[in-house]
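The points are numbered and may be taken in order.

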Amino acid sequence: MGIYTVFLDVAMALGSPALGWIAGQEDLSVVFGVSAGVNLCTAAVALHLAYGRKRIMMR
């Protein structure tokens, strides 16, 4: 739970200002595109970790 909280705090501390800066430089739709890209990358890493561990445990 502590690791989750640390990553959440870091993401909010870095992500929110970064997305605010992007919104100031570009259109608001770009912010949604960047957010979608980050979420897809996060999902890919989570799936890799979940299925990678399962594959290792099945051997």
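1. A pocket is here an open set of grid points with protein on both sides within 12 Å along at least five of seven lines, and a residue belongs to its lining when an atom of that residue lies within 4 Å of a point. Helices are DSSP runs of at least four residues, numbered from the N terminus.

2. The model is predicted. Its protein chain contains 2 helices and 0 strands. Of the 59 residues in the chain, 5% count as buried.

3. The accessible surface of the protein chain amounts to about 5,200 Å². Carbon and sulfur atoms account for 73% of that surface.

4. The largest pocket holds about 370 Å³ of space. It is lined by 13 residues, and those closest to its centre are F7, A11, V38, N39 and T42. Two or more lining residues come from each of α1 (2–25) and α2 (28–58).

5. Which element gives the most to the lining of the largest pocket? It is α1, with 8 residues.

6. Is M12 buried or exposed? The relative accessible area of M12 is 52%. Exposed means over 50%, and M12 therefore counts as exposed.

Note on methods. Residues numbered from 1 in each chain as written. Predicted model: local features only at pLDDT ≥ 70, side-chain atom pairs only at ≥ 80, totals over all residues. Heavy atoms only, no water. 1 Å grid on protein atoms, 1.4 Å probe; cavity = no way out; pocket = protein on both sides within 12 Å on 5 of 7 lines; lining within 4 Å. Points joined across faces, edges and corners; volume = space filled by probe spheres on them. Buried < 20%, exposed > 50% of the residue type's maximum accessible area, 1.4 Å probe, protein only. Areas by Shrake-Rupley, 256 points an atom, 1.4 Å probe, with all protein chains shown as cover.
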